[in-house]
Amino acid sequence: MKSRAAEKVGIQIFDYTFPEGVEEEELLGRIAALNADDQVHGVLVQLPLPAGLDERRILDAISIEKDVDGLSAHNLGCLAQPDGCATAVPCTPAGCMELLRRSGVSLAGKECLVLGRSRIVGVPMAMLLLRADATVTVCHSRSLDVPAKCARADVVVAAIGRAGFVKGEWLKDGCVVIDVGINRVEDSSAKRGYRLVGDVDFASASVKASQITPVPGGVGPMTVTMLLRNTVELARRTASKSGA
Ligand SMILES: Nc1nc(=O)c2c([nH]1)NC[C@@H]1CN(c3ccc(C(=O)N[C@@H](CCC(=O)O)C(=O)O)cc3)C=[N+]21
């Protein structure tokens, strides 16, 4: 999806695929080469990495000027600053914020519930909502009574990777639901043998919510779009630095 979207807008993709048993040094070597290549403005390491690879070390090897996914320690740390010094904000949370902004959802003082605490979605999402003056709760696998937390929430962002986990009955009337989940469920009538569903039970949640994102066709395409935006932004910054 990312390659196709990039090509459409004239961003060139250099795609490198590695075997599951790839040595960390080989990946780091490739990243170093891309860091040094001035044809390249953004580097993305597709996650999750196979077990045994040091994700932190690999993500931090991407130069900050090319960290198009915003997942380096530097860029994630920038999200903790009130003004935000990030060169790029992680694409999925950035897409969620853009959806909220363009849908006219005000966040100041609102109860926002983030389900999931991944480095790629839950944690940066919570930080962005905080920066937007929301009151933020983060739930995860050890949280107690998630339905009660949902009942208070004006905005629910579900990013846990469990098909249909959030039920409409848990939700407050008129709340806003952002469904980040992209789960495959077997479906013999589907062309691919599966269909995609979110972390939210759409049928019951859409009765309660005032606004809700679908899966597919919701957060996923926004993630891809934010990747393109981040890439253009990094390229622009590099160009202005070099005077080009
Ligand atoms: N470093 C890194 N950054 C990522 O952003 C990242 C990643 N690793 N690893 C995998 C996940 C997953 N992800 C998706 C993005 C768009 C769709 C998307 O556009 N989905 C379509 C449906 C696609 C279909 O029908 O198969 C939709 O939701 O409408 C899905 C999944 C980005 N990820």
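**Strands, a helix and cysteines**

Mentor: We may begin with strand 1, residues 111-115, which is mostly covered, with four of its five residues buried. Please keep in mind that this is a predicted model.

Trainee: What is the mean pLDDT of the protein?
Mentor: The mean pLDDT is 97, and 100% of the residues reach 70 or more. For the complex, the predictor gives an ipTM of 0.97 and a pTM of 0.97.

Trainee: Back to strand 1, then. How many bridges join it to strand 2?
Mentor: Five bridges join strand 1 to strand 2, residues 135-139, and the two run parallel. Within that pairing, L113 has T137 as its bridge partner in strand 2.

Trainee: And how many bridges join strand 1 to strand 3?
Mentor: Four bridges link strand 1 with strand 3, residues 155-158, and these strands also run parallel. In strand 3, A158 stands opposite L115.

Trainee: Which helix belongs to the β-α-β unit with strand 1 and strand 2?
Mentor: That is helix 6, residues 122-131; together with strand 1 and strand 2 it makes a right-handed β-α-β unit.

Trainee: M127 is found in helix 6. Which residues does it touch, leaving out those up to four places away in sequence?
Mentor: M127 touches L76, L79 and A80.

Trainee: How far apart are M127 and R229 in space?
Mentor: Their C-alpha atoms are 20 Å apart, and the two residues are separated by 102 residues in sequence.

Trainee: Changing topic: how many disulfides are there?
Mentor: The count comes to one disulfide. C78 and C85 form it, with their sulfur atoms 2.2 Å apart. The angle about the S-S bond is -100 degrees, and the link of C78 and C85 is left-handed.

Trainee: Is C78 buried or exposed?
Mentor: C78 is buried, because its relative accessible area is 2%, under the 20% limit.

Trainee: Which cysteine sulfur is closest to that of C112?
Mentor: The one in C175, at 11 Å, so the pair is too far apart for a bond. C112 is buried too, at 1% relative accessible area.

Terms used:
Residues numbered from 1 in each chain as written. Predicted model: local features only at pLDDT ≥ 70, side-chain atom pairs only at ≥ 80, totals over all residues. Heavy atoms only, no water. pLDDT = per-residue confidence, 0-100. Buried < 20%, exposed > 50% of the residue type's maximum accessible area, 1.4 Å probe, protein only. Pairing = 2+ DSSP bridges. Right-handed = clockwise from strand over helix to strand, strands pointing away. Contact = heavy atoms within 4.5 Å. Disulfide = S-S within 2.5 Å.
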